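How can one read the contacts between side chains in a protein model? The following paragraphs consider charged pairs and aromatic rings in turn.

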Amino acid sequence: MESEELDSDLFANWVRGSKGLEYLQEGLQEFVGEKVLQCRDNTLQKIISTLPSGSAQHCNQCTENNLSPEHFNSTKACKKGTCSQKTSNNCFGSKPVGRRKCPAKGICSKFYDAIIDEHAFKDPLWKNTDPRTWCSDPHGWSYAKCFQTTIGPGTSAKDTDAASLLSIIISNKSIQNFVASSSSFYTARNIRNEILHSSKLEIDETTVCSYLDAFIDVLQDPNCLINDEASKKAVQKLKR
Ligand SMILES: [Zn+2]
Ligand SMILES: [Zn+2]
């Protein structure tokens, strides 16, 4: 075979891999969207149920600049040993000036700590979220974004890329409970990085087939996705 032809085959495979990622995203979005909303509502409901009756049920007054976490001790900045978050430098409590507990009976402060508890690595991403909408976001997405590993613009599962949807499943302990085995989700996330960071935009035939099979594995998770309509459609596209 001419080397030019071979190169164009390798590029065509790379395009197949990227297209596969798009289908993976389509297959995951309904499941993740639904579970995120369910988990956000459960978390909020658990907090509200401990408050005296007649208390406010939500808050929109707390921001990344004024909210103190529930675990934060107002006399000392959070640091390793006193902070609930693994990377204590990233905790709101590590920069204590100007902070107060949530005025709505502490809902957002408690919500903050609940997000750390729900995070599989106790290390939420706060730079990507707006606490003012934790209670009200119609898709629960300001909550979901705490479980991503990188900053992204999405406002729902629909406009969030496959890598971030996979990260939300991997990092959110409540969502993970719906999944049979998280290892296929890790594999798919690594593959996504390999495809998008491939500097020559080339993949050989065997590798691209193994990538597409790995995406199908995720979408056929026997506990959560095998009967999901969006996921079934995406699997058909991947098989084609
Ligand atoms: Zn802290
Ligand atoms: Zn609040």
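In this predicted model, Arg192 has a relative accessible area of 17% and is therefore buried, since a residue counts as buried when that value is under 20%. Arg192 has a charged partner, Asp161, and their side chains form a salt bridge with an N to O distance of 3.9 Å.

Another joins the side chains of Glu205 and Arg16, with 3.2 Å from N to O. Here Glu205 is part of helix H7 (residues 205-219) and Arg16 is part of helix H1 (residues 3-48), so the contact ties together parts that are 189 residues apart in sequence. Glu205 is partly exposed, with a relative accessibility of 44%, and Arg16 is also partly exposed, with 34%.

A salt bridge may also lie within a single helix. Glu229 and Lys232 form such a pair, and their closest N and O atoms are 3.3 Å apart. Both residues lie in helix H8 (residues 229-239), where they are 3 residues apart, about one turn of the helix. Lys232 is partly exposed, with a relative accessible area of 35%.

Attention now turns to the aromatic rings. A pair of aromatic rings is described by two quantities, the distance of the centres and the angle of the planes. The whole structure contains 9 aromatic pairs. In one of them, Phe92 and Trp126 form a tilted pair, 5.6 Å centre to centre with 50° between the planes. Phe92 lies in the loop between H1 and helix H2 (107-118), and Trp126 in the loop between H2 and H3, so this pair ties together parts that are 34 residues apart in sequence. Phe92 is buried at 6% relative accessibility, and Trp126 is buried at 4%.

The ring centres of Phe111 and Tyr143 are 5.9 Å apart and their planes stand at 75°, so this pair is edge-to-face. Because Phe111 lies in helix H2 and Tyr143 in helix H3, the pair ties together parts that are 32 residues apart in sequence. Phe111 and Tyr143 are both buried. Ring pairs link these residues into a cluster whose members are Phe92, Phe111, Tyr112, Trp126, Trp134, Tyr143 and Phe147.

Finally, a charge and a ring can meet. The charged end of Lys35 sits over the ring of Phe178, at 4.1 Å from the ring centre.

Key: Residues numbered from 1 in each chain as written. Chains lettered and ligands numbered in written order. Predicted model: local features only at pLDDT ≥ 70, side-chain atom pairs only at ≥ 80, totals over all residues. Heavy atoms only, no water. Salt bridge = Lys/Arg side-chain N within 4 Å of Asp/Glu carboxyl O. Helix = DSSP H or I, 4+ residues; strand = E, 2+ residues; numbered from the N terminus. Buried < 20%, exposed > 50% of the residue type's maximum accessible area, 1.4 Å probe, protein only. Phe/Tyr/Trp six-rings, centres within 6.5 Å; stacked < 30°, edge-to-face > 60°. Lys NZ or Arg CZ within 6 Å of the ring centre and 35° of its normal.
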